[in-house]
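I opened this model to look up a few positions and to note what the coordinates say about them. The entries below follow the order in which I went through them.

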Number of protein chains: 2
Amino acid sequence: MRKKTRVVKIGNVEIGGDNPIRVQSMCSTKTSDVKATINQIKELEKAGCEIIRVAVPDMESAKALKEIKENISIPLVADIHFDYRLALESVKYVDKLRLNPGNIGDKEQIKQVVDAAKARKIPIRIGINSGSLEKELVYKYGNTAKAMVESALKHIKILEELDFFDIIIAVKASDIQRTVEAYRLLSEKVDYPLHVGVTEAGTSFSGMIKSAIGIGALLLDGIGDTIRVSLTSDVVEEVKAGYEILKALELRIESPIVVSCPTCGRTDIDLISLAKKVEERLKDIKKPIKVAVMGCSVNGPGEAKDADIGVCGGKGMGVIIKKGKVIKKVKEEELLEELMKEIKAMEDE
Amino acid sequence: MRKKTRVVKIGNVEIGGDNPIRVQSMCSTKTSDVKATINQIKELEKAGCEIIRVAVPDMESAKALKEIKENISIPLVADIHFDYRLALESVKYVDKLRLNPGNIGDKEQIKQVVDAAKARKIPIRIGINSGSLEKELVYKYGNTAKAMVESALKHIKILEELDFFDIIIAVKASDIQRTVEAYRLLSEKVDYPLHVGVTEAGTSFSGMIKSAIGIGALLLDGIGDTIRVSLTSDVVEEVKAGYEILKALELRIESPIVVSCPTCGRTDIDLISLAKKVEERLKDIKKPIKVAVMGCSVNGPGEAKDADIGVCGGKGMGVIIKKGKVIKKVKEEELLEELMKEIKAMEDE
């Protein structure tokens, strides 16, 4: 069961509540390099990225946000540290600010930023990172999930006291245990939508595994309203991995799911190649159906029954199973085409 | 905290209790093709596979186990369905049987198999699969985690009544939710070691993500004594992914861990390329140290402090940080070599 959270609007995209779990990313370009940043965002949009964040380390980057915003279609988020003036400039152009209010200036400066965000109905995401916790909290609690949550609550309180509630929160650590523990703790204390991710996850393969475990474990608990997979790699891969995690959990299915068995000594057909071909052919199918590609008669029929449609191999022959019934017995070499024929018919239904 | 389980011995490999979480796989070859099977197992051994299972669908495969066993170094497991005679033949050669006692014959036949396993001190793994549940349980509970656990308990009872306790259990479904729920339920009811996996996970990329989430979420709960990543792909990939999951959770670290930040507009060095180079160079290092490769001065130093050693980039320059202290400031082009020099020195310590 998904945890009930408030709905917060980022431009034209709602997150939290019953909205789909959103997939987002962050540009790796210099924000001041407007052309490169726009190009990267356009690539990300094509991959399905729904919210994009860019770093704003200086005034040149803040001013660049105007032109970037005018040239993209998805909500733009400015990532700001330490300097309230960058926030005041950014807030004119973007759909969300990511900043920790306690870090950006004195009381009056914080109020200026929060008032500007309130006036423009722009939410603020508080992003706690285990690597940059307040010294006094680390002293009190160690560098723990508890310290991260206390830090988040401190920043939340600053916003709430200024009558600001359009809040999204993240509490990311570079290890999975602390990350998961922090989100679980936080989720019990607040009903703001949560932005979930494991920070500094690492390069492509190991980062993907780390993010899948951390984000996945939280989503299984019903925690998480928007996710970001952090990879030291091409940003488009982050978006693909994000959707793959949501698909694996059947939380957001925009395309067919293939379940296929690992091959074993009972497999009489070339299953790896068949499963890959099926996946390839399904790329153009938009309907979220579950397709089983099974090798043998032991587990195959049972699993294929679970799926909307499936094939189950045998010696030279195979069967097509639809919603629990064997509808056709066909030669091995005709399995793929017969399966696709059935799937296309289902798509038209 | 890892859940306390009994220790069960499979050949010379112990699982459960405080033993390392074991990584295993299953051959995709025909077991009766002895040469191909031995070759595949040798490849798997090289990749670190610690227990290997092969399918035994017929008597020819059962008899082939003798020669296979003589030519490999890791424990061999026979996977048997429906036929107690295959179990009686296999038990002579292997280190573990994987069978569901209720499926292999009548009472007397089951007793023969269990007695043979007991005489040779060979454990039995019960493997429940959502795709082949007993009809009466599905009727009673639906195709749910509860039905899977009831099925497991039924098979366990058969063994226990025959005074057999060298038991390992798996309850795999093709979807993550049911898999995780079933293991969580089961883990509350028994203290036998658990073999954890998501069945029919799918092809390489999606299967890896699915397995990482399911296996990872359970390991985070302290559940799981041995894991198998099921992929419709090269079996060696299963073993690599298995170790990657254990490494991501810092449960079993046989080599250095690299944490690296996703690049963003604050990054002044070519971080993707640096992180990849560091990973490449670390391949020969056996010491389990944590190495941080960070791009900027915002989160970088904090995270690098968390690691045993790290680099943190800047404009043309970077710093080397060791156990929380900046030990050197170096030019960007010297970062990699300086980092490796420090790591090599740590390895010799």
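**Conventions.** I am working with a predicted model, in which local features need pLDDT of at least 70 and side-chain atom pairs count only at pLDDT 80 or more, while totals for chains, interfaces and linings use all residues. Residues are numbered from 1 along each chain as its sequence is written, chains are lettered from A and ligands numbered from 1 in the order in which they are written, and side-chain values use heavy atoms, with hydrogens and water left out.

**Domains.** For chain A, the domain assignment gives domain 1 (8-248) and domain 2 (257-348), with bounds that come from an automatic or database assignment. Their centres, taken over C-alpha atoms, are separated by 41 Å.

**Thr232(A).** I found Thr232(A) in the loop between strand S10 (226-227) and helix H9 (235-248) of chain A; helices (H or I, at least four residues) and strands (E, at least two) are DSSP runs, numbered from the N terminus. Thr232(A) counts as buried because its relative accessibility is 0%, the scale being buried under 20% relative accessible area, exposed over 50% and partly exposed in between (1.4 Å probe, protein chains only). Its side chain makes a polar contact of 2.6 Å with that of Ser260(B), a term for a pair of N or O atoms within 3.5 Å, of which, within protein, one must be able to donate a hydrogen and the other to accept it, residues adjacent in sequence counting only if both atoms are side-chain atoms. Beyond four places in sequence, the residues that Thr232(A) touches include Gly202(A), Thr203(A), Cys261(B) and Leu271(B).

I listed the contacts of Ile169(A) outside four places in sequence, among them Ile126(A), Ile156(A), Tyr183(A), Leu186(A) and His195(A).

**Helix H2(B).** Which residues of helix H2 (residues 59-70) of chain B are buried? I noted Ser61(B), Ala62(B), Ala64(B), Leu65(B) and Ile68(B). Seen down the axis of H2(B), these fall within an arc of 155°, so they line one face of the helix, the arc being that of the directions from the helix axis to the C-beta atoms. On the other side, Glu60(B) and Glu70(B) are exposed. The cover over the buried residues includes helix H1 (34-47), strand S4 (51-55), strand S5 (76-79) and helix H3 (84-90) of chain B.

**Loop residues.** Most residues other than glycine have a negative phi. Phe82(B), in the loop between S5 and H3 of chain B, has a positive phi of about 70° and is exposed at 51% relative accessibility. Asp163(B) has a positive phi of about 65° and lies in the loop between helix H6 (145-161) and strand S8 (167-172) of chain B.

How values were computed. Contact means heavy atoms within 4.5 Å.
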